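Here are my notes on the model you sent, arranged as numbered points. They begin with the sheet and then move to the helices, the cores and the charged pairs.

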Amino acid sequence: MKKLSPRTRVVTGAVVVAALGAGTFGAMSASASSPAAAPAAAVKADTSNRNLQQTTHLTVAAATKAAQATLDAAKKENQRISVAVVDRDGNTIVSLRGDGAGPQSPESAVKKAYTAVSWNAPTSELVKRLEQAPNLKDIPGTLFLGGGAPVQVKGAPVAGIGVAGAPSGDLDEKFAQAGVAALAR
């Protein structure tokens, strides 16, 4: 075999590197532009299917409307509160901390809303249940103080509104009920 000059070896090496680079780039470009794999077969949304369940949820707009009505009711009575609206599963949809509300109030409002929707009852009523079952208060994420109200559709809970920051649980709950009432308008 004939010995190549250093110049020929450099040029040949550069061509080989360029060809490999172009091949790699082309393969990467081709894979980036190729269509994604077909999605797995979807479950047919058939309401008669026993494996599916339909639920009702508040929209963000409705939750915001309720939260703002709650803040407005408290403001009329010169109270500084926080309000939270949670969905049926206890996930926060909206949380508003009113001007001047205490630092503990946002978390307390979420817990009261979660408690109200979990038991489908105002938290003031649930406080009374603690006499028969004091261990209820030990359930994580709950707060058995007045100030939580469930939002119901045909008697079933779909959301909870929790209020914290007023001087009493009765006032907190009154403001939460104002939020529930706003959803009926």
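1. In this predicted model, four strands make up an open sheet, with the order 2-1-4-3 and antiparallel pairing. Strand 2 and strand 3 are the edge strands, each of them pairing on one side only. Averaged over neighbouring strands, and with direction ignored, the strands of this sheet are turned by 15° against each other.

2. Two of the strand pairs can be followed in detail. Strand 1 and strand 2 run antiparallel to each other and pair over 5 bridges, and within this pair Ala-84 stands opposite Ser-95 in strand 2. Strand 3, which covers residues 148-153, pairs with strand 4 in the antiparallel sense over 6 bridges, with Ile-161 in strand 4 as the bridge partner of Ala-149. Strand 3 and strand 4 form a hairpin with 2 residues between them, and Lys-154 in the turn has a positive phi of about 55°.

3. Helix 2, residues 60-76, contains 17 residues and reaches 24 Å from its first C-alpha to its last, which is close to the 24 Å expected at 1.5 Å a residue. After this helix comes Asn-78, with a positive phi near 60°. The buried residues of helix 2 are Ala-62, Ala-63, Ala-66, Ala-67, Ala-69, Thr-70, Leu-71, Ala-73 and Ala-74.

4. Which residues of the largest nonpolar core touch the most other members? Out of its 21 residues, they are Ile-81, Val-83, Val-85, Ile-161, Val-163 and Phe-175. The elements that contribute two or more residues to this core are helix 2, strand 1, strand 3, strand 4 and helix 5, and helix 2 gives the most, with 7 residues. Apart from this core lies another one of 5 residues, among them Ala-121, Leu-130, Leu-136 and Phe-144.

5. Helix 3 lies across strand 1, strand 2, strand 3 and strand 4, and runs at about 155° to strand 4. Lys-112 has its place in this helix, and counts as buried because its relative accessibility is 4%, below the 20% cut-off. Not counting residues up to four places away in sequence, Lys-112 touches Thr-123, Leu-143, Leu-145, Gly-146, Gly-147, Gly-148, Gly-162, Val-163, Ala-164 and Asp-172.

6. The side chains of Asp-172 and Lys-112 meet in a salt bridge, at 2.9 Å from N to O. This pair links distant parts of the chain, with Asp-172 in helix 5 and Lys-112 in helix 3 (residues 105-119), 60 residues apart. Both partners are buried, and for Asp-172 the relative accessibility is 3%. Leaving aside neighbours within four places in sequence, Asp-172 is in contact with Ile-81, Lys-112, Gly-146, Gly-147, Val-163, Ala-164, Gly-165 and Ala-166; of these, Ile-81 and Val-163 are also named among the core residues that touch the most other members.

7. How many salt bridges does the model contain? The count comes to 4. One of them joins Lys-174 to Glu-77, with the closest N and O atoms 2.5 Å apart. Lys-174 lies in helix 5 and Glu-77 in the loop between helix 2 and strand 1, so this pair ties together parts that are 97 residues apart in sequence. Lys-174 is partly exposed, with a relative accessible area of 45%, and Glu-77 is likewise partly exposed, at 33%. The pair formed by Asp-172 and Lys-112, by contrast, has both residues buried.

8. A further salt bridge connects Asp-138 with Lys-137, where the closest N and O atoms are 3.9 Å apart; since the cut-off is 4 Å, a careful reader may wish to keep that distance in view. Asp-138 is exposed, with a relative accessible area of 51%, and the limit for that class is over 50%.

How values were computed
Residues are numbered from 1 along each chain as its sequence is written. This is a predicted model: local features need pLDDT of at least 70, side-chain atom pairs count only at pLDDT 80 or more; totals for chains, interfaces and linings use all residues. Side-chain values use heavy atoms; hydrogens and water are left out. The expected span of a helix is 1.5 Å times one less than its number of residues. Buried means under 20% relative accessible area, exposed over 50%, partly exposed in between (1.4 Å probe, protein chains only). Contact means heavy atoms within 4.5 Å. Two strands pair if DSSP finds at least two bridges between them. A nonpolar core is a set of buried Ala, Val, Leu, Ile, Met, Phe, Trp, Tyr and Cys residues joined through side-chain atoms within 4.5 Å. Axes are lines fitted to C-alpha atoms, for helices over the stretch in contact, and angles run from 0 to 180 degrees between N-to-C directions.
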